[in-house]
Amino acid sequence: MAKKSSKNEGRSGRDTIAKRVQAAEHGTVGHPSAAIPVVGIGASAGGIEALGRFFDAMSADSGCAFVVVLHLDPKRESEMARILTSHTSMPVLQVEDGMVLAHDHVYVIAPDTDLKLVVDRLKVSRPSEPRGHRHPVDVLFASIARERRERSIAIVLSGTGSNGTEGLKEIRAEGGMSMVQAPETAKFDGMPRSAISAGLADHVLGPEKMPEALLAYVHHGYVSAPAEVEPVVPRGEATIEDVLEVVRARDGHDFGCYKRNTLKRRVHRRMGLRNIATLSDYLDDLRINSEEVTMLVADLMISVTGFFRDPEAWKALGELVIAPLIAQRESGGSVRVWVPACATGDEAYSIAMAITEYAEASGKRFDLKVFATDAQEANLRKARDGIYPAAALADFPPERIRRFFEKLDGSFQVGKELRDMVVFAAQNLLRDPPFSRLDIVSCRNFLIYLEHEAQQRIIVLCHFALRPDGHLFLGNAETIGRHDDLFETVSKKWRLYRRIGPTRHDLIDYRPPRGPIGTGGAGEPSSTESETISAPLADIARRALLERYAPASVMIDEKGRVVYFHGTTRDYLEQPSGEPTRDILAMARGGLGLKLRGAIGEALKGDKSVTVQGRLHRRGSSRNVAMTVMPLPSQPHTGKFALVTFELGGPIGESKPSPIREDAGETSSGARALEEELVSMRVELRTTIEHLETANEELKASNEEATSMNEELQSTNEELETSKEELQSFNEELNTVNSQLQHKIAEQERSTNDLNNLLAGSETATLFLDDKLAINWFAPATKELFDLVTSDIGRPIAHFARKFSDDQLLSDAETVLRKLTTIEAEVPSDAGRWYLRRMLPYRTRDNRIAGVVITFIDITERRQGESAVRASEQRLKDLIAALPGAVYTTDAKGRITSYNPAAVELWGRRPELGTDEWCGSWRIYRPDGTPLPHDECPMAIALKENRPLQGAEAVAERPDGVRVPFLAYPTPLRDAAGKVTGAVNMLVDITERKRSEELAERLAAIVASSDDAIISKHLDGIVISWNIGAERLFGYRSDEIVGKSIMILVPPDRQDEEKNILERVRQGEHIQHYETRRQRKDGTMVWVSLTLSPLGDAQGRAIGASTIARDMTERRRADEHRKIMMGELNHRVKNTMAVIQSIASQTLGHASTLDEARNTFNARLINLANAHDVLTRESWQSANLADIIADTIKPHGGRENRFRMEGPDIRLTPNVALAIAMTLHELSTNAVKYGALSMENGYVEIGWRIEGEGASRRLVLRWQESGGPPVAKPSHKGFGSRLIERALASELGGEVRVDYASTGVMCTIIAPLRTGEVLSAT
Amino acid sequence: MGQGAKRVLILEDEPLVAMLLEDLLLEMGHEVVGSVAWISQAMKLADQMDIDFAILDINLGGAKSFPVAEILRRRGIPFVFATGYGSEGLEREFENELILQKPYEAHELKRAIEQASVRVSG
């Protein structure tokens, strides 16, 4: 076993668990830095916060290396490293390929990469999967598990999906620790929940609690000193065996056959997780803590499984085993597969899928049964549910997923068809009987955990379980060991074996459970025990007898191959030189072969025992050999067998008579008799033995049958369970339906009662007739009209005398039946009352006409009242018609019911009675001229709000276009009960009044809205009116000054001036634009321009004056401003001159020829002018960066634009704008001369953006040339570079990098934008 | 020249003008120990640095450089203002300080440095 697996070490196969287990068992430590525990942290959405909390709590000297994997936007540079730096004092690095891990460092994945740990380096690769299907966390976890085993720690934090769950399996299988963020603390709990529900979380904690558990684990002996898995145990201390004993006693699982080293490692891991130092303490814990026992058992049984694990092995299985099996077997036959130790069922489903796919490809259908068994009920539960995370199916072709799976949120569930094929059952491979007659047994990656002896037992078990030519499929690191007589190798590399030879009951050893089992396993322990003891005794006895007395024999099959040797056969058989053979004829020693061939042939042909004498030549002497070939009863599936026995006779050529005869004289007859008896006893014994063997054989066969029957029964039982459940649910459904029906019946009864009561209680005479006009039912009130008693039901109505005169009754009833209409008539009764007779068809619920319903309603009072009402109505109409005001009425719905001639005059039209609503006008408007819908007119409001309106104003428009303003007085009309029955409205024409009002208002509005102060006053200076403009100008409110003298406004030194003005106005003079000063309420002076006109009375005499005063302050202030602007302009011009001076000096100082100097100088000046243009457009407040750039590069762009610009809107101060303009100008000139723009296909990309917030807010602008000639760093700094650095670096306090990359010049400008400074004006 | 070489501080927010000024000073054999565009930086240097002379622009993005001048005066370091305004742009306190009218020529700069230095030492 060990050798086999060590051969595999060179291979880089995926499944090298065995190898790793092996390595761990040998305690080998592969590399020096293996001592650093590696903590892999996987997170996604919401993970940054969780990471922050984790690192805040994590001490910086844990000795671990932390690798953080997140889902990052592949198109953006990651800021993660920077973010994490603020949470930990450990160095935080973004991972680059080949980085060596160091302790107390944090490594963060780079965007758009996969990360793996290889030995002690981080390997970065491009992700192979498309975006959205990647599982970088799984990839990382798996690699850490592989490299660090128990020193691997995996943490799953907030995120959606199931990334990380698959990786945790590997971590757990390798003995590492897993921690999962508690879902209630995670912003997104998809990843944590997925991991927890897969049962892979050792700790479920909030991020800030994790460091404590992590440190406890790292400092525990399990991690810190893993080589000493079990230190030398002092006497009396607990051992691993004690632990197993406790587990067996408490849980029933016997791990006695498991490899000790694996067990120790895993027990130790549990101690690490629980932070328990010694085995004794742990043992104490186990005794009281049943949960820990369960956890330990689950850990001990851990195995890694997966769909189509080792795809190449599965390919081999498909091609070498499944395909031939499908080809041989006829459609409709059954195929049986057993997957023992199936864990979560992945493999069982895989094999079912593989077989189904092969079968469908060849167009056959089989009754496929996959028996999947496991000792752990929890595993089986998961397997039966068949729900797997998407990552588990990552490598599947889409057709397979469609064919066999159903999508379930983020995961997939195995479809019903596939689940029906796979039968899951609890079975302990080491303890329980196996299944039988199987085509394939797939027992992978289980043997590696077992001691050698147990492995061999299981191999034999598999041999028994398979049918002849059935196949065994083992894990990559497992072999059939010494049992190469039971199996022939189909593929050595992929561990495929075919069963050969007959069933070997002798090798099978059903282990009885060791001792009593805690959880009620064995029924009658005493009886089982006696049987188990007696059986081996008989066997031992039989074996001893055979050894002692039975002759050397071999068992052969029908082709003469030896299948079993018994006794010392070397005298007769020997291996010839060359390859080993099992052919008995080839092995037979000289002289025996020929005879033997004949005997075998004859025996098999005749099916009888044949004995021949052969002669054996040896060391010069020859001896006789009696060879008996005895055919054995043939068994199904196994073919024919025969037993060949060899018995040695005496040497030939010795003339001595036989010893018996020689001694005859001396031997007593008693002895001879004894001898004869012995001979006969021997014969008898042989027969008995044969009988026993046959019986034994039969018993075993029937046992085998019983076992398989049992397994069939189990599956039948399962089916029965299912149908029982179905029946139960069906029953449940029936119960529900029944109770619903009962409920409905009760309802129906109640409504029948209601109807009966209603009809009986009503005063209305009601009569139901059937379709033959016979009485079906009548209400009590009907008796006043017909002479009816209850017993009359069923008799035709025609037979009854009526107490009213109605000739049409019967004919109407027939009409109703025929035409299905309703007929009404008023009929007088003999007693002088009037009735409304109404007849309608009687419809059943299914709309069938089953007769006629007749009701009689007493309308006597109504008929009497009607005539009185008619008379009073007429009087009212006459009155209204004579009124000069417009009057009209409506019904309750607002439909016009009447109007008078005055109304027609006002509307200019005649409304249609009963159709026109609310108002008879053609159109209506509100007083402000906006259209007023009819249903919002005063009448409508009065009706809808049920209140009278007094003088609501509106405007009616006649069809000829004339608008008539009117006041409406609508009043709702109510009946005796207060219910609104209609309304009356009177409209008053107000055209004249309206006109004069409008004029006055217009004038007032002009005065009010004027910006100038408009004041009217008496000639003695008393203020009469004071507008808003005056209020604004002088500060007095109208009520403060009206009625007082205007002199309040006049400064003391100008009192005479005002008097003079008033005198001039009295003379009738108009005064215009008189500039003077007046005093405001607050005492300040204001320059005003006055215009005065006299106001005359009706006779034309001046009685007052109107004054218009205009504020002159603004104009004066503008003059001041102009002066300041001139000064500022002067400053700016001089500054600009200084700049030009500098440009000139710099240009002339650096140019080599006058011509060049001129050109460069011109270009620079024009650039400066352009930048000024932009700034001037914006009044020198700020400039848009995009405009600046566009104007700067325009002259260099050539015919097609070779600049690509991209960036947000940013406004810059003039200084920054000018600096950037000049810089870009220099870069552009350079690019045209030497750089990208000197080549045909060259181009320049200019990109900028704002980064950071608050104090660190900054502008990042990048100039990137491409497609130019190769660039070399210039030998000296020209004006351009100097300017760039000066202008931008020191000036803006930023940073400038000019990179002369060979692909093109790249210039990066980073300028901080300080709030408050960025937009301040120069 | 060596004897008259001065350590000069420049406060000027127009980079091109600053460049010219630096060139002129270097040609005269002086050493530019600081050339800054922000008043806050200039105050710090004026307060802490070993300086022989300073040339201050008055208007820097709307802020006035008088606080720097005050520090220099306190330390007895000679300086001149360089501005596009005339002397009416000065606060009363600095009315009598020397002013270089922009644009200025090399010999004007040279004379201003000499005059300012004499004033302080005298």
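A:Phe55 is buried, with a relative accessible area of 1%, in a structure that is a predicted model. A:Phe66 is likewise buried, at a relative accessible area of 0%. Both values count as buried because the cut-off for that class is under 20% relative accessible area.

A pair of aromatic rings is described by the distance of the centres and the angle of the planes. Over all chains the count comes to 28 aromatic pairs. One of them joins A:Phe55 to A:Phe66, with 5.6 Å from centre to centre and 70 degrees between the planes, an edge-to-face arrangement. The angle qualifies as edge-to-face because planes over 60 degrees apart are placed in that class. The pair links distant parts of the chain, since A:Phe55 belongs to helix H3 (residues 47–57) of chain A and A:Phe66 to strand E2 (residues 65–70) of chain A, 11 residues apart.

Elsewhere in chain A, one aromatic cluster is formed by A:Phe307, A:Phe308, A:Trp314, A:Tyr349, A:Tyr388, A:Phe396, A:Phe405, A:Phe424 and A:Phe473.

A:Ser1238 sits in the loop between helix H36 (1214–1233) and strand E46 (1243–1251) of chain A, and A:Ser1238 is partly exposed, with a relative accessible area of 35%. A polar atom of the side chain of A:Ser1238 lies 2.6 Å from the backbone oxygen of A:Gly1235. When neighbours within four places in sequence are left aside, A:Ser1238 is in contact with A:Ala1231, A:Val1232, A:Lys1233 and A:Pro1269.

| Residue | Relative accessible area | Class |
|---|---|---|
| A:Phe55 | 1% | buried |
| A:Phe66 | 0% | buried |
| A:Ser1238 | 35% | partly exposed |

The contact of the two chains takes 23 residues from chain B and 25 residues from chain A. Between them, chain B and chain A bury about 2300 Å², 55% of it on carbon and sulfur atoms. B:Leu16, B:Met19 and B:Trp38 supply 27% of the area that chain B buries against chain A, more than any other three residues. Helix H1 (residues 15–27) of chain B contributes 8 residues, the largest share of the side of chain B that touches chain A, and the residues of that side divide into 11 nonpolar, 6 polar and 6 charged. Across the interface of chain B and chain A the rule finds 0 salt bridges, whereas 4 residue pairs are in polar contact.

Notes: Residues are numbered from 1 along each chain as its sequence is written. Chains are lettered from A and ligands numbered from 1 in the order in which they are written. This is a predicted model: local features need pLDDT of at least 70, side-chain atom pairs count only at pLDDT 80 or more; totals for chains, interfaces and linings use all residues. Side-chain values use heavy atoms; hydrogens and water are left out. Contact means heavy atoms within 4.5 Å. Buried area is the accessible area (1.4 Å probe) that two parts lose on being put together, summed over both. A salt bridge is a side-chain nitrogen of Lys or Arg within 4 Å of a carboxyl oxygen of Asp or Glu. A polar contact is a pair of N or O atoms within 3.5 Å; within protein, one must be able to donate a hydrogen and the other to accept it, and residues adjacent in sequence count only if both atoms are side-chain atoms. Helices (H or I, at least four residues) and strands (E, at least two) are DSSP runs, numbered from the N terminus. Ala, Val, Leu, Ile, Met, Phe, Trp, Tyr, Cys and Pro count as nonpolar, Asp, Glu, Lys and Arg as charged, and the others, Gly among them, as polar. Rings of Phe, Tyr and Trp (its six-membered ring) pair if their centres lie within 6.5 Å; planes under 30 degrees apart count as stacked, over 60 as edge-to-face and the rest as tilted. Buried means under 20% relative accessible area, exposed over 50%, partly exposed in between (1.4 Å probe, protein chains only).
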